[in-house]
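Here are my notes for a colleague who is meeting this structure for the first time. Please read them with the sequence and the model open beside you.

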Amino acid sequence: MNVTNQSKLQQLLKKGVFAVTAECGPPRGANAGVIRKKGEMLRGYADAVNVTDNQTAIVRMSSTAACVHLLQMGLEPVMQMVTRDRNRIALQSDIMGAYSLVFRNSFVIPGDHQTFCSQPDAMNVFDIDSMNLLHMVKTIREEGKDMSGFDLDAPPSMFIGAAANPFADPLDYRIIRLAKKIDAGADFIQTQCVYNLQRFKDWITMASEDGLTEKACILAGVTPLKSARMAEYMAHNVAGIDIPDSVIRRMKGVPGEKAAREGLNICLETIAELRQMHGIHGIHIMAIENEEKVGEIVEAARLMPRPEIAETGVSHA
């Protein structure tokens, strides 16, 4: 195992490579085979793999354990951490433990509120918010101190990620929010999935004009639609999703058996547009329990072969 202070993802982005990350949700149980199966689907197609942390507030295998399984397979994990379930003591402890396991990427978000999911009576924590967590991970890395000011032995040097939603209103505030996350410590940003290209163009243009795309690497989120029903459900029920009526009409305009292919075509067209935008450093593919489609997307988008990190820089497999 090549142990370095910089993750593969960090090195690729530093070299200016258009990065590809994907998402992997741990199972609702202790079956490591589920993670390994998903890992095999993503192998060779994703430069790094986000491992979600009890996504949608449903109890699943821990992000840390799932990351270990992927690491053992030779994949690079991005460990997600939510502030919903742990206080600042546990969060700092988990960052140190993750780094000791050779995780080099962390991704911090608040997490979905438990009242909307499978165990609504669970007590949340939210001791600190995601902005404070970003600042904490950055302080640990750059000052070598925990939140109490204690000097750490071998402080973790994480490549820090955060989420951004370009589609919430007002647009000006989304730029302010992005700037605050970058100032707090975010090295890379993964956005909500992009369907409304014009709104996204407005957002990335404003971010670029403010110099934010030079301070952090922006990876645009993409999700292939499986059906018109999925498009309508996401448009009306998933917070932060903006799917224009034109996209929904397009999905409805094809026979049901061809809807998944049309959704894939829309995804590929979106990626092509994103690759032309100044300030975009890569894509983050959220296939939502459809990981087998990631390879197809990456191949069809002509993003293969994915580069490897060599001792002298970046090489292509």
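1. Within helix 7, which covers residues 197-209, F200 and W203 are 3 residues apart, so about one helical turn separates them. Please keep in mind, here and throughout, that this is a predicted model. The rings of F200 and W203 form an aromatic pair that is tilted, with 5.5 Å from centre to centre and 40° between the planes. F200 counts as buried because its relative accessibility is 0%, and W203, with a relative accessible area of 1%, is buried as well.

2. The strands deserve a careful look as a set. How many strands close into a barrel, and in what order? There are 8 strands in the barrel, they follow the order 1-2-3-4-5-6-7-8, and their pairing is parallel. From one strand to the next, the twist averages 30°. As an example of the pairing, strand 2 and strand 3 run in the parallel sense and are joined over 3 bridges, and V49 stands opposite P77, a residue of strand 3.

3. Helices pack around these strands, and two of them can be described in some detail. Helix 2 packs on the sheet, where it touches strand 1 (19-24) and strand 2, and the direction of helix 2 makes about 160° with that of strand 1. In helix 3, the buried residues are S63, A66, C67, H69, L70 and L71, and these pack against helix 2 (32-42), strand 2 and strand 3 (77-82). Helix 3 is followed by G74, which has a positive phi near 90°.

4. A reader who notices the cysteines may ask how many disulfides the model contains. The count comes to 0 disulfides. C67, one of the buried residues of helix 3, has a relative accessible area of 0%, and its sulfur is 8.8 Å from the closest cysteine sulfur, that of C24, which is too far for a bond. The sulfur of C267 is likewise too far for a bond, because the closest cysteine sulfur, in C193, is 9.7 Å away; C267 is also buried, with a relative accessible area of 3%.

5. T56 is not a glycine, yet it has a positive phi of about 55°. This residue is found in the loop between strand 2 (48-51) and helix 3 (63-72), and T56 counts as partly exposed because its relative accessibility is 34%. R302, also not a glycine, has a positive phi of about 60°; R302 is found in the loop between helix 12 and strand 9, and with 73% relative accessibility it counts as exposed.

6. The bond from D169 to P170 is cis, with omega near -5°, and P170 has its place in the loop between strand 5 (159-164) and helix 6 (171-184). The bond from M304 to P305 is also cis, with omega near -5°, and P305 is placed in the loop between helix 12 (292-300) and strand 9 (307-310). The loop between helix 12 and strand 9 therefore holds both R302 and P305.

Terms used: Residues numbered from 1 in each chain as written. Predicted model: local features only at pLDDT ≥ 70, side-chain atom pairs only at ≥ 80, totals over all residues. Heavy atoms only, no water. Helix = DSSP H or I, 4+ residues; strand = E, 2+ residues; numbered from the N terminus. Buried < 20%, exposed > 50% of the residue type's maximum accessible area, 1.4 Å probe, protein only. Phe/Tyr/Trp six-rings, centres within 6.5 Å; stacked < 30°, edge-to-face > 60°. Contact = heavy atoms within 4.5 Å. Pairing = 2+ DSSP bridges. Axes fitted to C-alpha atoms, helices over the stretch in contact; angles between N-to-C directions. Disulfide = S-S within 2.5 Å.
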